[in-house]
Amino acid sequence: MSTQQPPDQAASTNGHGATNGNGAARRAHREAVLNLRRLIEVARGRRAPLIHLQHNPDPDALGSAAALRYLLRRLLDVDATLAYTGRVGRVENRAMLRHLDIRIKPSFKLDYDEFDLVVVVDTHPGAGTCRLPEGVVPDIVIDHHPGISELKGVAFPYYDPDFGSTSTMVGALFVENGIPMDRRIATALTYGIRTDTMDLSRGTTPQDESIFREVYGLSDKKALSRIERARVPQEYFITLERALRHAQVTDFALTTYLGEINHSDSVAEIADLLFRLEGLKWVMVAGYNGPTLYCSLRATPAKDVKAGAVAREISDGHGGGHDTFAAAQIPLPENGQDPDAAFVELRERFLKEVRAKKSLTRPLTLPPDAKTSVS
Ligand SMILES: [Mn+2]
């Protein structure tokens, strides 16, 4: 769409995003100008906006939603409500809410009829992580997750899977349009970009870098440190111990089972930790909570590696994600199939899918003759 924009738009840079004067930066600037215009067109005149977050919101969802709320307040003088489903589990994410004063409300406590604008952030209708109430069609969708084919009835889909985070996309609306933000919002966006891109190491574009530089420069470093070093409950170490005990290395793939978990973020947290093992190409971590088996995948980047596709395949469509990191939420059958058995089956499917040689299996931390409780 940028190619249809008259060239004079490019000249009106504000000195933030397009300082190096190259074509890509000018294009990014132009798109941010257009995107802000479209956002305002759709949101203007609405008095009760609702920002609906990704299920079990992560820092990117929390950061981009908080920033969008601030933007709507600043430009249109309206107060948006932030709604979420699932829970905020990881202690860092709870610390983020606390230290940055981000207030979110559980979706089930809200009547969606009372809102006259619905924005979905960091997910999209049709994705497993979008739990909008039945029949609610959002006016605006802001997301970077791959997999959107069409968004029926959405007035403004601000969607680009090239971005490393939704926080970058919302950050660009500020930075490229010269709109100031306060320290709290800069900190929230910083943490959102940082966690979604693993410190700009995965799935990033030059724009992720340039927006990150801007927001990081404005951020509260002490608050960031307090969030990242948040104290953890004893439960964390109990889960960690189980993860190590059940971990098996099969060829180039590590798999482990956490049993019952307190919150679904545990699988991602442990997957990131175990992925540090040298020589690995894949990690698959799973655990259950209630009627759902949660699974997290990490993969070393390579031409034919598509973690999102693997997640989808082994979960019969209940998963997806990016090339190097992905997740699945698999409903456990109601006939009381035990989650341990569901894990064993999932592990089989995963190892087959990534073509790991099962004969090359060893425990991660136990001597080869010791027995693990799940095998
Ligand atoms: Mn995200």
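At roughly what angle do the axes of helix α3 and helix α5 cross? In this predicted model, the axes of α3 (residues 59–76) and α5 (residues 166–175) cross at roughly 20° and come within 8 Å. Angles under 35 degrees count as roughly parallel, and α3 and α5 are therefore roughly parallel to each other. The crossing of α3 past α5 is left-handed. On the α3 side, the residues that meet α5 are D60, A61, G63, S64, A67, L68 and L71; the α5 side supplies T166, S167, V170, G171, L173 and F174. By class, this contact has 7 nonpolar, 5 polar and 1 charged residues.

T187, T190 and Y191 of α6 make the contact with A223, L224 and I227 of α8. Its residues divide into 4 nonpolar, 2 polar and no charged.

| Helix pair | Crossing angle | Axis distance |
|---|---|---|
| α3 and α5 | roughly 20° | within 8 Å |

At the level of domains, the assignment gives domain 1 (2–228) and domain 2 (235–363). Their C-alpha centres lie 29 Å apart. Contact between them involves 9 residues of domain 1 and 12 residues of domain 2. The side of domain 1 that touches domain 2 comprises 1 nonpolar, 5 polar and 3 charged residues.

Notes: Residues numbered from 1 in each chain as written. Predicted model: local features only at pLDDT ≥ 70, side-chain atom pairs only at ≥ 80, totals over all residues. Contact = placed C-beta atoms within 7 Å. Helix = DSSP H or I, 4+ residues; strand = E, 2+ residues; numbered from the N terminus. Nonpolar A, V, L, I, M, F, W, Y, C, P; charged D, E, K, R; others polar. Domains from an automatic or database assignment. Axes fitted to C-alpha atoms, helices over the stretch in contact; angles between N-to-C directions. Parallel < 35°, antiparallel > 145°, perpendicular 65-115°, else oblique. Left-handed = near helix turned anticlockwise from the far one by under 90°.
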